[in-house]
Amino acid sequence: STPIAEAADFGALDVVELLLEAGADANGKAHYKNNDIAAISLAAYRFRENPAHPSEPHLAIMRVLLRHGADESVQGPDGQVLGRARTLYPEIDTPA
């Protein structure tokens, strides 16, 4: 697992930003249930994990990763792609 994927999964926005500033790959992955899952997919999954209370740190992480070139087509741990999160939560594309 890469540090950026772990930070994205746990909602550690400050760590994600620090890692990106230090040159980390926005497409870093974490090993999850025999699959490699991209940081942005982990953040999207956690963001929508509780639909009644979407996670603000994970929303901010998705925005930061997108600005740094994260691949939007990757699947998340639930088999969904980021596009599904965008459909449900259009605020992903709204600047912070």
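Which residue in E2 is the bridge partner of His31? The partner is Asp36, and the pairing is described below within the chain as a whole. The model is predicted, so that local features need pLDDT of at least 70 and side-chain atom pairs count only at pLDDT 80 or more, whereas totals for chains, interfaces and linings use all residues. Residues are numbered from 1 along each chain as its sequence is written, and side-chain values use heavy atoms, with hydrogens and water left out.

The protein chain contains five helices and two strands, arranged from the N terminus in the order α-α-β-β-α-α-α. Helices (H or I, at least four residues) and strands (E, at least two) are DSSP runs, numbered from the N terminus. Of the 96 residues, 41% count as buried; buried means under 20% relative accessible area, exposed over 50%, and partly exposed in between, with a 1.4 Å probe and protein chains only. Contact means heavy atoms within 4.5 Å. Among contacts between residues at least 6 apart in sequence, 63% join residues at least 24 apart.

Strand E1 (residues 29-32) and E2 pair in the antiparallel sense over four bridges; two strands pair if DSSP finds at least two bridges between them. The two strands form a hairpin with two residues between them, and Lys33 in the turn has a positive phi of about 50°.

Helix H1 (residues 3-10) and helix H4 (residues 56-67) have axes that come within 8 Å and cross at roughly 145°. Such axes are lines fitted to C-alpha atoms, for helices over the stretch in contact, and angles run from 0 to 180 degrees between N-to-C directions. H1 contributes Ile4, Ala7, Ala8, Asp9 and Phe10 to the contact, and H4 contributes His58, Ile61 and Leu65.

The largest nonpolar core has 24 residues, and those with the most contacts inside it are Ala8, Val16, Leu20, Ile40, Met62 and Leu65. A nonpolar core is a set of buried Ala, Val, Leu, Ile, Met, Phe, Trp, Tyr and Cys residues joined through side-chain atoms within 4.5 Å. At least two residues of this core come from each of H1, helix H2 (13-21), strand E2 (35-38), H3 and H4. Ile40 lies in helix H3 (residues 39-47) and counts as buried because its relative accessibility is 0%. The C-alpha atoms of Ile40 and Met62 are separated by 5.7 Å, although these residues are 22 residues apart along the chain.
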